[in-house]
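Subject: Structure handover

Hello,

Here is the structure I promised you. Please open it alongside this email.

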Amino acid sequence: MIAEPRLRRTLWAGVRGICFDLGGTLVRPEAEPTTGQVAQVLGSSLDEARSVMEQGAKRRRITPEDLAHDLAAAFGRPALVGPLTHVLERARQRAAEPDLFPDAEPALTALRQRGFALFALTNSLGSSIPVEPRQAFRNLLDQVFYSAETGAVKPEREAFAAVEHASGLAPDRLLHVGDSLRADVAGAAAAGWHTAWLDRRRVGGPLLSSARTVRLHTLTTLPLLLPAGPASVPTTNSEAR
């Protein structure tokens, strides 16, 4: 259950920047995520494919064809370069023209009009970063942080530090909104951020124990839980320490 709005406005009174996950939060994911499609082509388990992806493919830029060759070699399946390239090319095309959830643009527009700095932080395959990565969100977000560009994957502390360094905002001035309890909520909470879990599917389950975390079912609710605009407080990490 979401806490009474007035209490949340008090809790988040010092928030100046809001960071969102992409897939599952702002962007509709495919029925089968790219990693799952890769696992199917390779005939491997999802965990095996995810482990290989997180070791390298999500930490550096790479072309779909080069990644297909790397994956085929890692799994000893050289004949699968073609099918893998097809899957990875499609993923990059989708990233260039993301299918936003209906509540995403109205919520981002409302928050931008109120003066909040807006970011996205996503664990992305290096092959999926579009040629013009900011194009799709240029009117909605100040910056998109891809793990393949920062070299850090959520829930690692370094992933959230990249946003802090670029924005000049201290952890307690930042709110992260995402659909993964592990990558988004646990990672951001450990970094000292405020957090919101977007439970679109209403799967329920226990929230992590944190006074800074709230469960949402839609982004429409988010502007109602935040103050009218950012507070006039020191913004840089150096000022806040």
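Below is what turned up, starting with the ground rules.

This is a predicted model, in which local features need pLDDT of at least 70 and side-chain atom pairs count only at pLDDT 80 or more, while totals for chains, interfaces and linings use all residues. Residues are numbered from 1 along each chain as its sequence is written, and side-chain values use heavy atoms, with hydrogens and water left out.

**Overall**

The protein chain has eleven helices and six strands. Both are DSSP runs numbered from the N terminus: helices are H or I with at least four residues, strands are E with at least two. Of the 241 residues, 46% are buried. Buried means under 20% relative accessible area, exposed means over 50%, and partly exposed is in between (1.4 Å probe, protein chains only). The accessible surface comes to about 11,300 Å². Carbon and sulfur atoms own 51% of that surface. These areas come from the Shrake-Rupley method with a 1.4 Å probe; for residues, only the protein chains shown count as cover.

Six strands form an open sheet. The order is β3-β2-β1-β4-β5-β6, and the pairing is parallel. Two strands count as paired if DSSP finds at least two bridges between them. At the edges sit β3 (143–146) and β6 (213–216), each pairing on one side only. Neighbouring strands are turned by 20° against each other on average, direction ignored. Axes here are lines fitted to C-alpha atoms, for helices over the stretch in contact, and angles run from 0 to 180 degrees between N-to-C directions.

Look at β5 (residues 194–198) next. It pairs with β6 in the parallel sense over four bridges. T195 has T213 in β6 as its bridge partner. Helix α9 lies across β4 (174–178), β5 and β6. Its angle to β5 is about 165°.

**Salt bridges**

How many salt bridges does the structure hold? The count is 15. The criterion is a side-chain nitrogen of Lys or Arg within 4 Å of a carboxyl oxygen of Asp or Glu. Here are some of them.

- E30 and R94 meet at 3.1 Å, N to O. E30 is in the loop between β1 (17–20) and α2 (34–42), and R94 is in helix α5 (residues 81–96), so the pair ties together parts 64 residues apart in sequence. E30 is partly exposed at 26% relative accessible area. R94 is partly exposed too, at 25%.
- K154 and D184 have their closest N and O atoms 2.8 Å apart. K154 lies in the loop between α7 (147–150) and α8 (157–167), and D184 in helix α9 (residues 181–190), 30 residues away. K154 is buried at 3% relative accessibility. D184 is buried at 2%.
- R173 and D172 have closest N and O atoms 3.9 Å apart. R173 is buried at 18%, whereas D172 is partly exposed at 33%. Elsewhere, salt bridges with shared partners join D21, K154 and D184 into one network.

**T25**

Is T25 buried or exposed? T25 is buried, with a relative accessible area of 0%. It lies in the loop between β1 and α2. Leaving out residues up to four places away in sequence, T25 touches F20, F101, V177, G178, D179, L198, R200 and L219.

Best wishes

Note on methods: Contact means heavy atoms within 4.5 Å.
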